[in-house]
Amino acid sequence: MKIDEIRSIARSQGIQSGGLSKTELIKSIQTAEGNFDCFATARNGDCDQLACNWRKECLPPAPRN
């Protein structure tokens, strides 16, 4: 997702996006949504937040066989 789209989501949540990195901004959105602010913290692609709106952005794609 492009940063402009993320900023738009942030604005809709009442979050000021100026000066925040993409990761910081997404974590702020997660908090505003009432979720864990865990974006980009999964280790070894392991994440138990299956319903997270940011899961696809956060985790690397699964390897193809």
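Buried residues make up 17% of the 65 residues in the protein, where buried means under 20% relative accessible area, exposed means over 50%, and partly exposed is in between (1.4 Å probe, protein chains only). Before you start clicking, note that this is a predicted model, in which local features need pLDDT of at least 70 and side-chain atom pairs count only at pLDDT 80 or more, while totals for chains, interfaces and linings use all residues. Residues are numbered from 1 along each chain as its sequence is written, and side-chain values use heavy atoms, with hydrogens and water left out.

**Stop 1: the whole chain**

Show the protein as a cartoon. You will find 3 helices and 0 strands, following the pattern α-α-α along the sequence. Helices (H or I, at least four residues) and strands (E, at least two) are DSSP runs, numbered from the N terminus. Turn the model around: along its principal axes, the C-alpha trace spans about 40 × 25 × 15 Å.

How much of the contact list joins residues 24 or more positions apart? Of the contacts with a separation of 6 or more, such pairs account for 15%, a contact being heavy atoms within 4.5 Å.

**Stop 2**

Select Asp-4 and Arg-7. These two form a salt bridge, with the closest N and O atoms 3.8 Å apart. The rule asks for a side-chain nitrogen of Lys or Arg within 4 Å of a carboxyl oxygen of Asp or Glu. Both residues belong to helix H1, and because they are 3 residues apart, about one helical turn separates them. Asp-4 is exposed, at 55% relative accessible area, whereas Arg-7 is partly exposed at 30%.

**Stop 3**

Ser-17 sits in the loop between helix H1 (3–12) and helix H2 (22–32). Is Ser-17 buried or exposed? Its relative accessibility is 12%, so Ser-17 counts as buried. Leaving aside residues up to four places away in sequence, Ser-17 touches Arg-7 and Leu-25.

**Stop 4: from H2 across to H3**

Next, pick Lys-22 and Glu-57. Their side chains meet in a salt bridge, 3.0 Å from N to O. Glu-57 lies in helix H3 and Lys-22 in helix H2, so this pair ties together parts that are 35 residues apart in sequence. Glu-57 is partly exposed at 29% relative accessible area, and Lys-22 is partly exposed too, at 34%.

How many salt bridges are there by this rule? The count comes to 2. As background, side chains of opposite charge can pair when their charged atoms come close.

While you are in helix H2, select Glu-24, which is found there. Glu-24 is partly exposed, with 39% relative accessibility. Draw a line from Glu-24 to Pro-60: the two are 36 residues apart in sequence and 18 Å apart in space, C-alpha to C-alpha.

**Stop 5: the loop between H2 and H3**

Go to Ala-40, in the loop between H2 and H3. Ala-40 has a positive phi of about 65°, although it is not a glycine.

Follow that loop to Cys-47, which lies between H2 and helix H3 (55–58). At 22% relative accessibility, Cys-47 counts as partly exposed. Beyond residues up to four places away in sequence, Cys-47 touches Ala-42, Arg-55 and Leu-59. The C-alpha atoms of Cys-47 and Leu-59 are 8.3 Å apart, although 12 residues separate them along the chain.

**Stop 6: the cysteines**

Display the sulfur atoms. How many disulfides are there? The count comes to 0, with a disulfide taken as a pair of cysteine sulfur atoms within 2.5 Å. Cys-38 is in no disulfide, and its nearest cysteine sulfur, that of Cys-47, is 5.5 Å away. Cys-52 is partly exposed, with a relative accessible area of 23%.
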